[in-house]
Amino acid sequence: MAEPETQRRGDSADEKLYTLSEISQKTNISMPTLQRYKKMYQDRIPSVGQGRKQRYPDSALPVFDE
């Protein structure tokens, strides 16, 4: 019925994927700011999925921090 939200199986099964909420907690960047960064820099931020199912690998954290 429900599939795991934070990790998908596939080529990068060992890599943890994060929601924007989890990235907010890890980086101490507010959600509105993360959402703005996501729109402004979507071509630079690695992600998996679309819309509400969009998740971000560890490699996206430094991009959000910039």
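Start by selecting Phe64, which sits in helix α3 (residues 61-65); helices here are DSSP runs of H or I with at least four residues, strands are E runs of at least two, and both are numbered from the N terminus. This is a predicted model, in which local features need pLDDT of at least 70, side-chain atom pairs count only at pLDDT 80 or more, and totals for chains, interfaces and linings use all residues. Residues are numbered from 1 along each chain as its sequence is written, and side-chain values use heavy atoms, with hydrogens and water left out.

Phe64 has a relative accessible area of 0%, so the residue is buried (under 20% relative accessible area; exposed is over 50%, partly exposed in between, with a 1.4 Å probe and protein chains only). Next, show what surrounds Phe64: not counting residues up to four places away in sequence, Phe64 touches Leu20, Ile23, Ile29, Leu34, Tyr37, Lys38, Ile45 and Tyr56, a contact being heavy atoms within 4.5 Å.

Now move to Arg55, in the loop between α2 and β2 (56-57). Is Arg55 buried or exposed? Arg55 is buried, since the relative accessible area is 6%. A polar atom of the Arg55 side chain lies 3.0 Å from the backbone oxygen of Arg52.

A pocket is, on a 1 Å grid over the protein atoms alone, an open set of points where a 1.4 Å probe fits, with protein on both sides within 12 Å along at least five of seven lines; lining residues have an atom within 4 Å of a point. The largest pocket holds about 200 Å³ of space, where points are joined across faces, edges and corners and the volume is that filled by probe spheres set on them.

Colour the lining by element: α1 (20-27) and α2 (31-40) each supply at least two residues, and α2 gives the largest share, three residues.

Finally, show the whole protein chain. Three helices and two strands follow the pattern β-α-α-β-α along the sequence. Of its 66 residues, 29% are buried. Among contacts in the chain with a separation of 6 or more, 43% join residues 24 or more positions apart.

Technical notes. A polar contact is a pair of N or O atoms within 3.5 Å; within protein, one must be able to donate a hydrogen and the other to accept it, and residues adjacent in sequence count only if both atoms are side-chain atoms.
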